[in-house]
Amino acid sequence: MSSERSAEIRDALRRGLAVAVSAGPFAVLFGAVAVDNGLTIAEATLMSAIVYAGASQLVGVELFNHNVAPWLIILSIFAVNFRHVLYSAAIARHIRHFTLGQKLAGFFLLIDPLFAEAERRGESGVRVSFVWYMTLGISVYLPWLLLTVLGGVLGNLIGDPRAIGIDVLLPIYFMGLVLGFRSRANFLPVVFASGVGSVAALHFVGSPWHVSLGALAGITVAALLPTDGGEAEEPVGLPVKGEA
Amino acid sequence: METLFRPDMVWLIVCAALATYATRFGGYVLITRMKRIPPRMEAALSAVPAAVLTTLVVPAAVTGGIDMAFAILVALVAGMRTGTMAMLAIGWVAVMVFRQFVTG
């Protein structure tokens, strides 16, 4: 194994660990909530294994319990996951060199942090290799499965996630990812528009549409603002981004 | 022996998985069908990470209660200087301390 390759794998594992730590509690939570809502541990694990999208899994099992029409459950899960359409469009430029089979496998694992890490790596001029991508992806996928089973076994023992403070981990983790893009052109206007847009949409339209609508607000602002001289328009007052 | 899988539930989960996979592949299919990508769309795509991820943070900070807002704010300040793991640790300590001493 070349040293370049092993450096790639080490980098991916290191990043995968951070993702697994922050997302892990939610896998446990999902397993517990799923069993609480009448799924068997096997069904909960199947859902983690083939849907593999935490927020939508929680929305799904919540609806299973409410006698909601199946098509409406699927539509809700689709709506929660709609942001991935944007991810796979944005990431295209970095993974064009994947073979079709590699793309089929790679897109299956395309979760928020993997997208953000791949986007950042590609943007910084480093080639997003299939080995790096899959190492990072699988190092999050396997813990997600194991912790789902654990949550299912623990069942109601966890109780309220607020009591042990794990409910703050995911928003903070996502905020860390947002900050990683703060040197991009029009970062502040985009974040401002998305933030205001998502809160307004949450209020007037409701969840989960606030994600897509809020994102649309930020993306529209980025499309409308002047694109030339992005460097010169760097917002003032922000520290220069160091190499992570 | 206890039931492992019920057919109707497995169907529902498989459909959910297909719907999710469609979102993960769909954007790629759409974008690669275009001959060239206009500059404004390039700018829009490059705003995708910050725009989408922000919608997972700000509503939580605004509607998640004063304790959540406090933790996110503390983590934001920390995040300007440190890495992700430190942000998580500092944010977690902040919310635990806040709940212990302020909101009870």
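How many salt bridges does the rule find across the interface of domain 1 of chain A and domain 2 of chain A? In this predicted model, local features need pLDDT of at least 70 and side-chain atom pairs count only at pLDDT 80 or more, whereas totals for chains, interfaces and linings use all residues. Side-chain values use heavy atoms, without hydrogens and water, residues are numbered from 1 along each chain as its sequence is written, and chains are lettered from A in the order in which they are written.

The rule finds 2 salt bridges across that interface (a side-chain nitrogen of Lys or Arg within 4 Å of a carboxyl oxygen of Asp or Glu), and the side chains of A:Glu123 and A:Arg184 meet in a salt bridge at 3.6 Å, N to O. The two domains of chain A, domain 1 (3-181) and domain 2 (183-239), have bounds from an automatic or database domain assignment, and 23 Å separate their centres, taken over C-alpha atoms. Domain 1 and domain 2 of chain A contribute 10 residues each to the contact (heavy atoms within 4.5 Å). About 820 Å² is buried between these domains, 67% of it on carbon and sulfur atoms, where buried area is the accessible area (1.4 Å probe) that two parts lose on being put together, summed over both.

Between the chains, 64 residues of chain B are in contact with 85 residues of chain A, and the buried area is about 6400 Å², of which carbon and sulfur atoms give 75%. The count between chain B and chain A is 2 salt bridges, and A:Glu43 and B:Arg6 meet through their side chains in a salt bridge at 2.4 Å, N to O.
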